[in-house]
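Work through the exercises below with the model open. Each task is followed by its solution.

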Amino acid sequence: MLAEQRGARACLEAAQDAWTALEGASGITALHVRVDPIFDIMPTEEVLSKDRQRLMELDAVKEGHALHDIYAAWMVGLPANVPSNWYDIGGSEDAKIEEFARIARMTVIARLDAHSRGHAHEAFHTCLFRTGKPLLVVPDRYQKRDVRRILVAWKDTAPSRRALEAAAPWLKNVEQVLLLRIGDERPLELEWAVERLVDLGVRSKTLNVPRNLSLSVGRQILREAHAVDADWIVAGAFHHGEFLGWILGGVTETLLKEATLPVFFMH
């Protein structure tokens, strides 16, 4: 999902790496939805004038062209065996994302930052919480690399179980899967994940790391991921509420804001 120019190339590179790591993937679809300017109106703007609306519509067209240029540049280095299609369409962002996600194995999107506009936030929210598909969130400085080692940040909850199940097609194909639990050793906390990975034919190594109280749990997960040179983190996504004012759980928010490697989320 190419919601904005920032991070678009990184998003495409990560999608290619995910495609390479997955057996039987049909191809990569690059989607940009040109949205109603109302989604980008500033909080201080009570009325969207016709002139302002026209300027914002032109900006949306320009952004679509710029994103296509990024896509075209990425395509130049794409191996011939990797099918890819570009879609730049208008309409409801939520509806279009959900429509395309129905036939996708997962969605890939660049991480938001302080400069991301309203439509990018809406796209991100839809991808994470409304499609029913996993979402790979990519830092904007991501550079292409093979997906060989995946760290699963484990807490025995429904979102974590769904994330592990959704990641299974990739976990089966990588060189190493590390199952991380932070806190006191509690074998029963890991039992379901270990047994499920065995059922899936995935060999894994368990890491039970003591809690470091000088760090948040999210930052400790990131530290452990870097210590083992993980290529991806897999985690369940937690939030409260269903609207744009949704509040993320602390660990989810830290991983979204601070990770320097892709994070595979499932809500």
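**Exercise 1.** List what W232 touches beyond four places in sequence.

Solution. Contact means heavy atoms within 4.5 Å. Leave out residues up to four places away in sequence; W232 then touches A18, M106, L136, V147, R149, I150, L151, W170, L261, P262 and F264.

The model is predicted: local features need pLDDT of at least 70, side-chain atom pairs count only at pLDDT 80 or more, and totals for chains, interfaces and linings use all residues. Residues are numbered from 1 along each chain as its sequence is written, and side-chain values use heavy atoms, with hydrogens and water left out.

**Exercise 2.** Is D17 buried or exposed? Find its side-chain partner.

Solution. D17 sits in helix α1, residues 8-20; helices are DSSP runs of H or I, at least four residues, numbered from the N terminus. Its relative accessibility is 3%, so D17 counts as buried (under 20% relative accessible area, 1.4 Å probe, protein chains only). The D17 side chain makes a polar contact with the K144 side chain at 3.1 Å (a pair of N or O atoms within 3.5 Å; within protein, one must be able to donate a hydrogen and the other to accept it, and residues adjacent in sequence count only if both atoms are side-chain atoms). Beyond four places in sequence, D17 touches Y142, K144, R145 and V147.

Definitions and conventions
Helices (H or I, at least four residues) and strands (E, at least two) are DSSP runs, numbered from the N terminus. Buried means under 20% relative accessible area, exposed over 50%, partly exposed in between (1.4 Å probe, protein chains only).
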